[in-house]
Amino acid sequence: MATIKYDNVEKTYPDGTKAIPGISLEVRDGEFMVFVGPSGCGKSTVLRLTAGLEDITGGSLFIGDRVVNSLAPQQRDIAMVFQDYALYPHMTVRDNIGFALRMMGRPKSEIRQRVEAAAGRLSLTALLDRKPRNLSGGQRQRVAMGRAIVREPQAFLMDEPLSNLDAKLRVQMRAEISSLQRQLGVTTVYVTHDQVEAMTMGDRVAVMKSGLLQQVAPPEELYERPVNIFVAGFIGSPKMNLFESVLRRDRDGGTFVTFGAQELAIPKEVLRERPSLGQRKDGPIKVGIRPDGFILTPNGSSDQSIEVTTEVVESLGNERMVHFIAQVRKASDADTRDQRTDLEEIAPDAGTSMFIARVPPYPRVHERETIRLGVNTKGLYFFDEEGNSLF
Amino acid sequence: MSNASIPRHQVMTLSPKVRDRTRIGRLGPSRLRIAVNYLVMVPVTLLFVSPIIYMFIASFKPNNEVLSGFGVFSLQDLSFNNYLSIFSRFSGSDTGTFTGFLTTSLIVSAATVIGGLVVNSMAAYALARLRWPGRNLFLLAVIALVIVPFEAIAVPLFYMLDGLRNTYLVQFLPFIASPFSIYLFYSFFAGLPKSLEEAARVDGAGAWRTFFFIMLPNARPVFATVAILQFMASWSSFLWPVMVIDDPTVRPLPLAISVYVGTPPYGWGNIMAFGVMMVLPMLVMFLIFQRWFIRSVVTSGVKG
């Protein structure tokens with residue numbers, strides 16, 4: 001096992017495109033680090049730089065104590081699981097798993113023993129003599145894992161290994177990979193665009209945008225204290241509702257943010273927890289509210305409530321997703337705009353935005369119905385004009 | 001759905017259309033469709049195969065019966081005389097021997113195929129997968145060369161290889177590197193997932209071992225196709241041997257049959273026998289590799 005240290009690692013392509021302007025990060029020994037971000041953010045490039053499949057054009061990459069910038073992939077003592085598994089089609093499962101050991105020149109008896117041990121751990125023993133084309137998606141995924149663990153490498157690199165599986169199998173394999181990694185204690189760098197995977201699997205999650213690290217933190221911290229509007233918008237499912245607002249204080253010391261024509265009072269404890277918000281002058285501000293920050297208040301009992309007309313109601317059995325349009329301008333940066341969902345595109349006019357609230361199944365909410373939603377103002381997120389969090 | 005799971009009264013009320021569809025789904029196409037298929041396929045097959053059948057039968061017939069129209073298909077007066085005549089006609093060093101012609105053709109074709117598979121597959125791999133200066137230009141040149149007919153380069157080639165005339169080498173050397181074969185290999189290698197190669201690199205295989213352990217085994221259908229195409233081209237090559245071979249001891253079969261036809265007396269039955277002996281190795285080659293050949297024609301890419 002080893003640490004992986006990125007010391008201002010850069011990747012510039014020959015045409016001058018800077019895919020990775022420079023990242024610095026240390027993945028601790030035995031840690032499960034997940035790189036997450038939208039398409040084209042550079043997360044797979046970081047993984048390929050780590051594997052040695054792309055040349056590093058600046059900075060230093062350490063695996064353990066060694067600088068590995070100029071080492072070939074096979075010299076880095078890493079194993080990689082590819083998005084399409086990259087199983088050798090002409091080889092049996094046994095040969096696929098044992099190929100790396102064969103390339104290392106290990107004795108046949110040792111290869112057989114280690115392959116069978118890896119296969120046993122992954123419940124592949126009965127499939128050892130099959131070809132990849134005769135395996136299901138989940139079995140292929142396990143073979144790819146077997147190929148990685150049989151080498152007992154210093155680090156696992158995984159490039160969206162679950163993206164080709166159906167939703168049910170993905171949940172199962174997610175748990176299996178996490179469990180396996182914890183058992184083996186091998187340092188792992190895992191790349192995904194799926195923030196649910198990132199949140200459920202990673203010891204820490206590195207959120208990337210345009211080749212730059214935005215925040216590296218444990219999942220809970222990312223969710224609760226995102227450093228900027230991009231991370232806030234990216235982490236969480238459904239994603240956070242973000243809107244343009246105005247901060248105002250009255251003579252009695254109350255602090256308010258606007259939600260369209262309405263105002264929401266910010267509790268004093270929130271201001272205490274966020275000194276930079278407390279010190280901020282009146283004026284424009286960006287505000288975020290997670291879908292579960294709305295509370296269904298059928299009798300209008302909450303004074304911190306807003307009246308909305310529902311557009312779409314999605315029933316998930318134990319909860320409902322209520323989509324509504326409000327006379328509020330959406331707050332976003334370029335990347336969060338790219339992540340707009342189809343439903344968000346429904347918002348008809350400039351100056352209006354589609355919001356989403358997660359509410360219990362009862363009382364029933366119907367489409368095209370006017371309802372009152374309470375707002376949990378303790379759970380609001382605040383960002384300055386540049387999109388940086390106000391803590 | 002099986003009938004067992006459907007109540008009897010419901011089976012009885014199925015519309016004729018639904019019943020037909022059920023029957024086709026279970027038992028395959030209707031008899032009418034099979035009949036129509038045969039009606040089209042049999043004449044087309046006969047059209048292609050009949051000259052070969054004609055040649056086979058005629059090779060066992062006396063010379064005077066070969067050109068007797070459909071009478072040639074009567075299976076009477078069959079003998080090996082035509083074959084024996086060929087062997088006796090070519091029995092000296094001045095005429096060359098049939099086994100000599102056959103050996104020359106086999107050596108030349110085998111060398112073309114083996115050399116071609118090695119050289120063309122490696123060239124294609126380098127073009128498809130390795131990064132080196134001038135790669136695109138080279139690829140463009142290869143593709144352009146596919147459309148250049150051999151006749152256009154025959155004379156320059158003749159002068160370039162003048163010193164090698166009347167050798168085995170001159171007969172296969174210019175045909176080992178084949179732009180079309182490179183293109184076939186290139187298309188295959190370029191279509192293989194890049195991750196396959198990257199996985200091999202991470203697993204510790206360098207360029208050579210990746211080529212031999214991963215690329216080659218997956219490219220078997222293309223190897224078979226290229227082997228058959230290069231064998232066919234070499235086996236029936238005529239213009240080039242005419243230009244560079246006048247020694248009967250290194251004369252290949254196509255040239256030998258032409259010399260035979262040009263030096264009377266000969267009979268059509270003898271020529272048919274010569275033709276059969278020339279075609280047989282090619283037929284055997286096709287039968288051996290036909291599974292791979294058909295697969296490479298039918299499929300493209302590799303299913304994981």
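This is a predicted model: local features need pLDDT of at least 70, side-chain atom pairs count only at pLDDT 80 or more; totals for chains, interfaces and linings use all residues.
Me: A helix axis is a line fitted to the C-alpha atoms over the stretch in contact, and angles run from 0 to 180 degrees between N-to-C directions. At what angle do helix α2 and helix α4 of chain A pack?

Reply: In chain A, helix α2 (residues 93-104) and helix α4 (residues 137-149) pack at an angle of about 30°, and their axes are 7 Å apart. Angles under 35 degrees count as roughly parallel, and α2(A) is therefore roughly parallel to α4(A). The crossing of α2(A) and α4(A) is right-handed.

Me: Which residues in α2(A) meet α4(A)?

Reply: From α2(A) come A:Val93, A:Asn96, A:Ile97 and A:Ala100, and they meet A:Val143, A:Gly146 and A:Arg147 in α4(A). By class, the residues of this contact between α2(A) and α4(A) are four nonpolar, two polar and one charged.

Me: In chain B, at roughly what angle do the axes of helix α9 and helix α12 cross?

Reply: Helix α9 (residues 179-191) and helix α12 (residues 220-235) of chain B have axes that cross at roughly 170° and come within 10 Å. Because angles over 145 degrees count as roughly antiparallel, α9(B) is roughly antiparallel to α12(B). On the α9(B) side the residues are B:Ser181, B:Leu184, B:Phe185 and B:Phe188, which meet B:Val222, B:Thr225, B:Val226, B:Leu229 and B:Gln230 in α12(B). The contact of α9(B) with α12(B) consists of six nonpolar residues, three polar and no charged.

Me: In what sense does strand β16 of chain A pair with β19(A), and over how many bridges?

Reply: The pairing of strand β16 (residues 305-315) of chain A with β19(A) is antiparallel and extends over five bridges. Within β19(A), A:Ile371 is the bridge partner of A:Val308. Strand β15 (residues 294-296) of chain A is also joined to β19(A), in this case by three bridges, and the two run antiparallel. A:Gly374 in β19(A) is the bridge partner of A:Ile295.

Me: In what order do the six strands of the open sheet in chain A lie?

Reply: The order is β6-β7-β8-β3-β9-β10 (chain A), and the pairing in this open sheet is mixed. Its edge strands are β6 (78-81) and β10 (212-217) of chain A, each of which pairs on one side only. From one strand to the next, the twist averages 20°. A:Gln215 in β10(A) is the bridge partner of A:Val207.

Me: How is burial read for a single residue? Is A:Ala331 buried or exposed?

Reply: The cut-off for a buried residue is 20 or more other C-beta atoms within 10 Å of its own. A:Ala331 has 24 other C-beta atoms within 10 Å and is therefore buried. A:Ala331 is placed in the loop between β17 (320-326) and α11 (334-338) of chain A. Apart from its neighbours within four places in sequence, A:Ala331 is in contact with A:Ile229, A:Leu242, A:Phe243, A:Glu244 and A:Lys286. The C-alpha atoms of A:Ala331 and A:Gly233 are separated by 9.9 Å, although the two residues are 98 residues apart along the chain.

Me: How many helices and strands are there in chain A?

Reply: Chain A has eleven helices and 20 strands, and 41% of its 391 residues are buried. Chain B has 15 helices and two strands, and 29% of its 304 residues count as buried.

Me: Finally, how many residues does the contact take from chain B and from chain A?

Reply: Chain A provides 20 residues and chain B 17 residues. On the side of chain B that touches chain A, α10 (194-202) and α11 (207-218) of chain B each supply at least two residues. With six residues, α10(B) gives the most to that side. The residues of this side of chain B comprise eight nonpolar, four polar and five charged.

Key. Residues are numbered from 1 along each chain as its sequence is written. Chains are lettered from A and ligands numbered from 1 in the order in which they are written. Two residues are in contact if their C-beta atoms, placed from the backbone, lie within 7 Å. Helices (H or I, at least four residues) and strands (E, at least two) are DSSP runs, numbered from the N terminus. Ala, Val, Leu, Ile, Met, Phe, Trp, Tyr, Cys and Pro count as nonpolar, Asp, Glu, Lys and Arg as charged, and the others, Gly among them, as polar. Angles under 35 degrees count as roughly parallel, over 145 as roughly antiparallel, 65 to 115 as roughly perpendicular and the rest as oblique. A crossing is left-handed if the near helix is turned anticlockwise from the far one by less than a right angle, and right-handed if clockwise. A residue is buried if 20 or more other C-beta atoms lie within 10 Å of its own, exposed if 12 or fewer, and partly exposed in between; C-beta atoms are placed from the backbone. Two strands pair if DSSP finds at least two bridges between them.
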